[in-house]
Amino acid sequence: MRKPDSKIVLLGDMNVGKTSLLQRYMERRFPDTVSTVGGAFYLKQWRSYNISIWDTAGREQFHGLGSMYCRGAAAVILTYDVNHPQSLVELEDRFLGLTDTASKDCLFAIVGNKVDLTEEGALAGQEKEECSPDTDAGDCGSPRVPKQVQLEDAVALYKKILKYKMLDEQDVPAAEQMCFETSAKTGYNVDLLFETLFDLVVPMILQQRAEKPSHTVDISSHKPPKRTRSGCCA
Ligand SMILES: Nc1nc2c(ncn2[C@@H]2O[C@H](COP(=O)(O)OP(=O)(O)OP(=O)(O)O)[C@@H](O)[C@H]2O)c(=O)[nH]1
Ligand SMILES: [Mg+2]
């Protein structure tokens, strides 16, 4: 297997929908999930590049593994549940520190998932087609509730992260480009999320390649050292 050219990591509290987002994107479906143990990754080919996307466990008992998964990451997707404000707080309190091992120019996306369960999700036209338009049940069963976390809260966290990482707003993508509301269930904004990141990561791969000379040695251009009369090399 070819070594991945870049790495993206999903972080966030348990149950926010990290695995579901990744499966929605990679497998185009919304299967039943079980709480992730440790971590797992998918390999995505984007143009001619291989990008590994790591799904991590949100459960507290696996917390220690997070910084290991983030090592060298080009982008981190910090995921919360729009219906659980504490899941956004956890991103700052528990998960941001794990990204210290990521690449120095690591990108951050902040993703509020499960927007299909909110009243605002209905207004954004995300009903499942098989549900009656006059039902107030978002997924033909769960009642819709007002969204508990607003996009502005995610934007505020993005700006805090820039301060924490001592990054200048002008040197990184704008908060509006990097804060998403998604639904793994309906697929809303899921392609946009991943593909925005892939497009941002590709120039980083090219830059890395330009900075690091290739480790391959061209033996055809190698000249043997000249021998002197004493037998030693000149
Ligand atoms: N309605 C709705 N439910 C979702 C969505 N995404 C995930 N879920 C449900 O939320 C639960 C948790 O989803 P997971 O994807 O397993 O969550 P996770 O973040 O991977 O959790 P851990 O692996 O424990 O860290 C599952 O029952 C999913 O079906 C979504 O966009 N909308
Ligand atoms: Mg999971």
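Buried means under 20% relative accessible area, exposed over 50%, and partly exposed in between (1.4 Å probe, protein chains only). This is a predicted model, where local features need pLDDT of at least 70, side-chain atom pairs count only at pLDDT 80 or more, and totals for chains, interfaces and linings use all residues. Side-chain values use heavy atoms, with hydrogens and water left out, and residues are numbered from 1 along each chain as its sequence is written.

**Salt bridges overall**
- A salt bridge is a side-chain nitrogen of Lys or Arg within 4 Å of a carboxyl oxygen of Asp or Glu.
- The count by this rule is eleven.
- D13, E60, E90 and R94 form one network through salt bridges that share partners.

**R209 and D5**
- R209 bridges to D5 at 2.8 Å, N to O.
- R209 sits in helix α7 (residues 190–211) and D5 in the segment before β1 (6–12), so the pair ties together parts 204 residues apart in sequence.
- Helices (H or I, at least four residues) and strands (E, at least two) are DSSP runs, numbered from the N terminus.
- R209 is partly exposed at 44%, whereas D5 is buried at 16%.

**R94 and D13**
- The closest N and O atoms of R94 and D13 are 2.8 Å apart.
- R94 is in helix α3 (residues 85–95) and D13 in the loop between β1 and α1 (18–27), 81 residues apart.
- R94 is buried at 13%, and D13 is buried at 17%.

**D100 and K165**
- D100 and K165 meet at 3.4 Å, N to O.
- D100 is exposed at 51%.
- K165 is partly exposed at 21%.

Methods: Chains lettered and ligands numbered in written order.
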